[in-house]
Amino acid sequence: MTEHDYRSTVFLPKTDFPMKAGLAAKEPAILDRWRDERLYDRLRAERAGRKRFILHDGPPYANGDIHMGHAMNKVLKDVIVRSRSMLGFDAPYVPGWDCHGLPIEWKVEEKYRAKKLDKDAVPKPEFRAECRAYAADWVGKQRVQFERLGVMGDWDQPYLTMDFASEATIVSELLKFASSGQLYRGAKPVMWSPVEKTALAEAEVEYADIVSTQIDVAFEIVESAIPELVGAYAVIWTTTPWTIPVNQALAYGPEIGYALVRLIGGVTTSDIPGDWGNDLFSRNLLIAEPLITAFYGRRKVTGLKLDYLWRGKGSDLVGTVARHPMHALGGFFARPRPFLAGDFVTTEQGTGLVHMSPDHGEDDFILCKANGLEPVFAVEGDGKYRADWGWLGGQGSVINAKFNAPDGPICNDLREVGGLLAASADYAHSYPHSWRSHAKLIFRATPQWFIPMDSASTLTAAAQAETDDSGAPLAIQRGENSNGATLREVALDAIERTRWVPARSQNRIRAMVEGRPDWVISRQRAWGVPITLFVDRRTGDYLRDDAVNARIVEAVTAQGADAWWATDPAVFLGAGRDPDNYERVDDILDVWFDSGSTHAFVVEARYGIGTRADLYVEGSDQHRGWFQSSLLESAGTRGRAPYDAVLTHGFALDAQGKKMSKSEGNTTDPLKVVADSGADILRLWVVSTGYFDDVKIGKEVLAGQSDAYRKLRNTFRYLLGALDGWSEAERVPHAEMPELERWVLHRVAELDVELRRHIDGFDFGPMMVALNGFANQDLSAFLFDIRKDSLYCDAPGSLKRRAYRTVLDTLFHVLVKWLAPVLVFTCEEAWATRFPDAGSIHLGEWPVVPVEWRDDELGDKWAKLRILRSLATQAIEPLRKDKVVGTSLQAELDVRAGPEEAALLGSVHFAELAISAQVTVDIVPGDTSVFEVAVRPTELARCERCWRHLPDVVEDSGLCERCTEVVV
């Protein structure tokens, strides 16, 4: 047989879409084109009038390069917004930044500390201007970094909490709380940073393990209804020795059993000097019975023998009074220390008697205040005792380990007066720290401004006017009476009316709101929105006057927050009020109040009063941060949540599942990933993870995503090549297509439903599993493999080839639009390769899938056929591996099949599905399910054009009948 060269007659795919992505180089150019074309603005114009979907962006701090958590968060938001846009919604995205507060102020202070300068010596306007400039600089830098991730939004008009309009709205929201009586000033203990000299919110606190000094201190009992107790010593235990100088009482548990004991046998090896050495045997000690042995263990007593002089319950201690170990100092220390019943006292550790300092503990404050004992404010903002304090005045800082050490000034003084029973620097525990400076915090009572959680208040007019579609007041439907519900009640009700994704996150925020204390909204810092209140010096009440409030808001709108300090108070107060009678509050607002108000100056300001965001998306830490502050702010001013749904994602961890830390050297820099591999790889990682929980990232993880990306890119490349020269004249109606093509369109219809479900659930991981499976298994490994013969070798006008190309055209359109929200650059590249003049893919919409494509019966049939094909392929593989056959095209299949299997094989050209030379079927009678495959090398001649082994190959031309018709 004469050999011929038929390569020029084969219709091979042709495309300019390269296999090598080169994303790092291509993506910036695509970004530039989007900016030049003002793509975001064009999209807004095209979606104008459509149903709106608002994802309200939570503001990151403008104080450093973005990290992987930022990237994960922004990409997820972008995928959600783009998906909704593809579904036809008007889905704007307004990015924003948190520009006030400690994170920015701390960075500016670092500059002063580096120069050994005191920032407090800088005029406040100058310092605030530096903070504003610092924040603005980082807004600009982060904006470029976020855009590089492919995040599309209104980058020309983002929201900044430091914009004058934003600051004015924040002030307005604060004054709504004030006008409705939802503010008070009180001296309650709050988390305080002596390093940063300010109160902190719960969301600004992190916990770390430390080792503290633990001490046992003796308080001599001077009065009691129980005679045996007088002259004895009550023993307390604490891990904060610095609070002893501010002690005012002792607490006991009413139901706890206590005992008065004396040591009568044993040996103490303690190295504590003083009269508590062997004289420990002559002192009577009051301790909770379950904790006696543990106490003497700390006192290093072995061979313990005790004499019990009295036993009773805590409730027997009513009226008992002790004196402070430092009572000889007089004044504050000479006052009696009453025993008070505290239901918080337990026997888990310590001595069962708790020393009370209302300045430095919430339980302490509540119990002491109920018994007429008020804070004394002995510890100042820098952590030192105030200069006039009777013991250790001017000394500290109280968080210093040496200051609290067993040989430090507190323990030494207690030891000298015989008040120290035991001391050791070995107590390991978790302790609160500032998340910014990482310095230890203290509970400290200072005058602060609070929003009460449990005080009934009158809802604002806006909240009272809110009605449902029938006009019925929603406030009444929620069970709120004319006096208003408490903020906690309204917030908990709003939680129940909000969709939480994942659902389990609802329990977390509900528990936090149920148990949270009053909201501390004041900070003793310089950079932020002021608490714009005037306090009447004569009554102590803050001024409530709509006209005054209006003047304040107007001034801040025009001049920014600085107007509060720059304007003469008389201008705000108006005629008839003497400014000397009013204190202008100097504190600034908690930055969480700023961000909690963003719904007012972003969502409502841009889309109308009363508009709620469809979705908030942030990390799980925001249940105690932005999610909660936004909820409380809106609940207090509008009687509802500011969002309809909340999505919580986890954190990005290193490849071993550890928290990323620069000091540990285990960070993955998103900017480096993008520079090396491209943003689409990072975006693919984000949506492919189970991001409702913490997720891992590292070189191996990213390598896996690169492989997944390569397969998807090759799918686009194949489609583009196979559709070279496509004309609408080729299109074949659905009803005229072969079964294989109709099955593919059935799969498209199935996927359309599934993908819509995942988008509605904001669950893109399963979406990507479905799309990867469809592209790799249904298409590349099945459809493309089977139909490449028809594509390459059938006549251009053949029905099968036209039907296949019709389906390929459909597949290109659905895949490029399904994946466009994720692979934003790659899909744009693929779309522009095929339709260079059609505009951006991101202006497009989700493909409309005809209902008639869905054919579940056909789907079931082809699912079974694919199983049979897989069994046939498995049977061929050993022969191919042993080189008995070169490819499956050289194999003939002898199949023994049951009636059902035989019918399936007979309904299709199974040799074509198995890509084999020939198939013979031997039907096994009966109802048994049988499918057995024997494989042998074919003896049929091979067509020199299509390489199939067929009985109709003509010897002279070397062509099969099909190829002869095409070539001739």
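1. A residue is called buried when its relative accessible area is under 20%, exposed when that area is over 50%, and partly exposed in between, with a 1.4 Å probe and protein chains only. Helices (H or I, at least four residues) and strands (E, at least two) are DSSP runs, numbered from the N terminus. This is a predicted model, in which local features need pLDDT of at least 70 and side-chain atom pairs count only at pLDDT 80 or more, while totals for chains, interfaces and linings use all residues. Residues are numbered from 1 along each chain as its sequence is written, and side-chain values use heavy atoms, with hydrogens and water left out.

2. In helix H14, which spans residues 505-515, the buried residues are Ser-505, Gln-506, Ile-509 and Val-513. They lie on the same side of H14, because the arc they cover around the axis is only 105°, an arc being that of the directions from the helix axis to the C-beta atoms. With contact taken as heavy atoms within 4.5 Å, the buried residues of H14 pack against helix H13 (487-496), strand S17 (499-501), helix H20 (626-638) and strand S24 (645-649).

3. Which residues have the most contacts inside the largest nonpolar core? A nonpolar core is a set of buried Ala, Val, Leu, Ile, Met, Phe, Trp, Tyr and Cys residues joined through side-chain atoms within 4.5 Å. The largest one has 210 residues, and those with the most contacts inside it are Ile-80, Trp-685, Leu-811, Trp-818 and Phe-910. Helix H25 (residues 764-793) gives the most to this core, with 13 residues.

4. Leaving aside neighbours within four places in sequence, Ile-80 is in contact with Phe-53, Leu-55, Leu-615, Val-617, Leu-647, Phe-762 and Phe-764.
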